[in-house]
Each structure stands twice: as C-alpha cells, then as structure tokens.
Amino acid sequence: CIPARRCLMTGTAPATNGMVGYQEDIPFNPPHTMAGELSKAGYQTEMVGKLHLHPLRKRYGFDHMQLADATRGEDNDYIDWLKQTHGRNEIHAGMAHGISSNGWVGRPHHLPEEQMHTFWCINQAMEFLNRRDPEAPFFLNISMIDPHPPLTPPAHYYERYISRDLPAPAIGDWADDLGGPQRGLNPIAAQINLPEQDMHCAQAAYYGMVNFIDDQIGRLYQFAPKIFNEALVIFTSDHGDMLGDHHLFRKASPYEGSARVPFLIKPPESLSHHNVKSVPEGSVCHTPVAWQDIMPTVLDAAGIETPNSSTGKSLLPITRGEASSVRDILHGEHARCYQGDFAHHFLTDGKMKYIWFSDSGREQLFDLSNDPNELHNLISDTKGEKQVSPWRNRLVDILDKRPEGFVENGKLKAGCSHEAVMPGYHPDKYFDFL
C-alpha cells in the first residue's frame with residue numbers, strides 16, 4: 001500500500017524515495033508531487049478516498065482532500081458521512097460486520113451499497129465535478145479501498161458470484177505443501193490452504209467487490225459523460241491479492257496475483273492536446289510499466305515538465321504508437337513482511353520473471369509467456385543455471401550501490417538487512433544511486 005502510493009505521488013521507484021516495504025507512520029516530505037506540479041500549473045486538484053501517507057491530512061499538493069484511509073477510526077470523512085447522512089452511529093460503523101480487514105473470510109457487507117466506502121468515493125467525486133471551477137483544468141484522484149479485505153461486497157454482488165463456478169487457485173509445483181486443506185487459527189495468515197467452500201466464498205466476495213467498483217465508475221460516467229469523455233483517465237491499483245494462488249493470501253508477493261495490477265488508459269476523445277494521441281481502442285501493450293510511470297505520463301499529457309527526481313517514464317509514446325516499450329526490464333521488491341524468507345527482489349521483461357529472496361538467496365525463474373500462472377520454476381530444470389545467470393547478473397548491477405549491502409565482490413549476498421525503510425532514510429531527500 002504505502003510504498004506504491006509514494007511511487008504514484010512522486011514518480012519515483014521505491015528505493016529512490018526510501019521505502020521498499022510496508023511501514024506505517026513514516027514522515028514523507030517529497031520536493032515534487034504529481035498533484036503539486038499540476039496545482040502550480042493552474043489545475044484544480046482534488047483527493048477523494050484513501051491516501052495512506054504520513055502525516056494524516058498532509059495535502060501533498062492537493063488543493064482539497066476528502067480523506068478516508070479506512071472504513072473505521074477517527075478523523076475519517078467517510079465515517080463522518082455515515083453518521084451525519086445515514087445515522088450510522090455504531091462504533092466502527094463501516095466494519096460492524098466483524099470480518100478482519102486483512103482476512104480471507106468472504107460474506108456480504110452489513111451495509112447497503114449506498115452507504116459503502118466505494119459508493120461514498122464516487123459520490124464525493126460527483127460533488128467535486130458539479131462544483132469545480134469551470135474555467136480551470138482539473139486533476140481528480142479517486143482512491144477506493146476495495147477490492148481489499150474485508151471481503152465484504154454488497155449482498156447483490158456476493159450473490160451474483162457465489163452461485164457460479166469459479167476458477168480454482170493456481171498452485172505451482174514449487175508451492176509449499178501445507179498438508180491439505182485447513183482453516184488454521186489465524187484469519188489473516190499470508191500462507192494458507194482453505195477448504196474448497198471457504199475458498200469459493202472468498203473468491204465470490206473479491207469478484208463481487210471488483211464488479212461493484214466497475215458499476216460505480218459507470219455511475220460516475222453517466223453523471224458527467226462529457227467531462228469523462230474529455231478527460232485523460234487512468235485506472236489502476238496499488239496491489240493485487242494472491243487469493244489462494246500457490247497457497248498464499250494478501251499482498252506484497254512477487255507473483256502475478258499480487259504484483260501485476262490493472263493499468264488502463266483512456267485518452268480524451270477530442271485529443272485536443274498535441275501530447276495525447278491514441279492507438280486503436282482496446283490495444284494492449286505487454287511492456288513492463290509501474291506506478292512510478294503515472295506522474296510522468298500525466299504531466300506529459302498536461303504539457304508540464306517532469307521533475308528530474310522522477311525515475312518513471314511517460315507512457316504517451318506507447319499510447320501514440322511511437323514506441324512499444326519504455327524500458328527493457330522492471331525491478332520490483334518488498335522488504336521483510338508476514339513470514340520468514342519473504343523479502344525479495346524481482347526482475348521482469350514481461351515475458352520472463354526472475355525472483356531472488358534476499359534472506360535465504362533462494363531463486364525462481366518463470367516463463368510468463370508460456371506459464372502465466374507461474375506453475376513451474378525453471379531453476380529446478382537441468383538447464384536452469386544457464387537460464388538464470390543473465391538475470392542474476394542484471395540484478396547485481398541494479399543492487400550494486402544499495403546501502404543494505406546486497407552485493408559483495410560482484411555477487412548477490414543473502415541475509416542482509418532488508419527492511420521497509422532504507423538505511424539513511426530522510427523524509428525530504430531521495431537516494432540517487434539508481
């Protein structure tokens with residue numbers, strides 16, 4: 001959540017802004033932000049929903065914020081709306097269903113859909129569009145918490161999927177054997193093998209949440225089709241969920257269910273700005289891109305110079321059909337989290353993926369073109385060493401100057417400190433080793 005949102009707001013890779021894993025309450029004072037650069041250029045900037053940066057209520061360049069980082073807690077505009085508009089005065093009204101905010105239990109939400117966080121986000125976005133300055137360009141950031149545990153969609157959406165046949169989780173031949181289905185004693189475990197019915201409930205709830213978001217975006221479009229059509233729209237997510245794949249749940253894994261997220265771009269219909277042109281509707285590009293690319297893309301579309309601090313790339317050359325990629329490989333990582341031997345680095349060119357677990361030195365290599373569900377680790381084959389060597393060397397080049405000491409004498413060194421906040425972190429400075 002948090003390192004991804006830092007990338008989004010600053011156009012920087014996690015290692016550049018100093019947070020490479022999940023940790024709450026870390027101050028952040030970047031010299032440039034996406035909203036800040038747009039605001040300086042005359043854009044009216046509005047934030048609705050979950051920002052998840054520290055300190056709370058810091059605006060990060062937004063002119064105005066309607067903030068709700070969770071569905072419970074104090075200093076929460078969504079909770080205030082539930083109380084004032086709908087008379088919901090239960091303690092933690094948005095979480096009164098009792099399901100863990102990071103668990104696998106799936107069930108219908110106790111609130112009607114018009115009282116849920118996703119609905120509130122779209123409501124507030126509609127209010128902004130209705131009352132914005134009509135003579136100023138605008139930047140609207142709508143950030144819904146879903147689809148995210150608690151897996152509790154509106155009842156209608158849960159019922160739509162619970163009666164359907166749903167695909168079984170993908171289980172790689174390398175996945176840990178957990179000894180058969182079991183619920184376990186920990187409802188927020190990151191590694192678990194659920195009985196079939198429990199897994200079906202979790203899937204139905206997750207899919208229902210996605211469907212609910214789709215319909216609410218449709219509501220926004222129907223409310224202001226002219227504005228929507230004339231805007232550059234980007235739809236994406238900070239992370240996915242393993243949802244049982246390889247006996248894993250939750251986020252922060254290097255695998256496709258967690259690390260590969262939606263990234264849809266809709267250009268304005270008029271294409272009035274010379275920077276924004278488009279390839280045919282429905283075109284798909286398989287080059288690796290990341291959240292650090294969003295700020296350069298948006299600023300490029302607005303004709304605003306991207307700050308030198310950004311490590312991302314504008315994707316407009318791809319949308320204009322002028323390029324098929326903006327990089328040859330993408331580096332990702334996550335610090336220690338959830339359980340042992342979790343901290344990792346990965347590299348992908350969109351066709352292959354190499355993973356190195358920084359605590360143990362364990363390696364994996366997947367052929368995403370022919371094995372998109374990552375069912376087989378190629379390193380277990382006899383030719384694995386030959387295949388993995390170029391990827392290992394490339395990661396050495398990328399990590400060579402990292403302060404944690406991941407490289408020693410030209411080779412990857414396992415067992416180094418790999419924490420969420422990098423050594424030498426300062427809230428208003430960037431690392432420049434990339």
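Q: Buried means under 20% relative accessible area, exposed over 50%, and partly exposed in between (1.4 Å probe, protein chains only). Is Tyr-157 buried or exposed?

A: Tyr-157 is buried, at 4% relative accessibility. A caution on the source: this is a predicted model, where local features need pLDDT of at least 70, side-chain atom pairs count only at pLDDT 80 or more, and totals for chains, interfaces and linings use all residues. Residues are numbered from 1 along each chain as its sequence is written, and side-chain values use heavy atoms, with hydrogens and water left out.

Q: OK, salt bridges. How many are there?

A: The count is 20. The rule is a side-chain nitrogen of Lys or Arg within 4 Å of a carboxyl oxygen of Asp or Glu.

Q: Which residue does Arg-5 pair with?

A: Asp-238, with the closest N and O atoms 3.4 Å apart. Arg-5 is in helix 1 (residues 2-10) and Asp-238 is in the loop between strand 4 (233-236) and helix 9 (256-259), so the bridge ties together parts 233 residues apart in sequence. Helices (H or I, at least four residues) and strands (E, at least two) are DSSP runs, numbered from the N terminus. Arg-5 itself is buried, at 9%.

Q: And what does Glu-256 bridge to?

A: Lys-353, at 2.7 Å from N to O. That pair links distant parts of the chain: Glu-256 is in helix 9 and Lys-353 in strand 8 (residues 352-357), 97 residues apart. Glu-256 is buried at 16%. Lys-353 is buried at 1%.

Q: Which residues make up their network?

A: Salt bridges link Glu-256, Arg-260, Lys-353 and Glu-374.

Q: Which ring does the charged end of Lys-353 sit over?

A: The ring of Phe-346, 5.7 Å from its centre. For this, NZ of Lys or CZ of Arg must be within 6 Å of the ring centre and within 35 degrees of the ring normal. Arg-362 lies over Phe-357, at 3.8 Å from the ring centre.

Q: Switching to ring pairs. How many aromatic pairs turn up?

A: The whole structure has 13. Rings of Phe, Tyr and Trp (its six-membered ring) pair if their centres lie within 6.5 Å; planes under 30 degrees apart are stacked, over 60 edge-to-face, the rest tilted. Phe-128 and Phe-138 have centres 5.9 Å apart and planes at 70°, so they are edge-to-face. Phe-128 is in helix 5 (residues 117-131) and Phe-138 in strand 3 (residues 138-143).

Q: Are those two buried or exposed?

A: Phe-128 is buried at 6%. Phe-138 is partly exposed at 23%.

Q: Which residues form an aromatic cluster?

A: Tyr-78, Trp-81 and Trp-120 form one.
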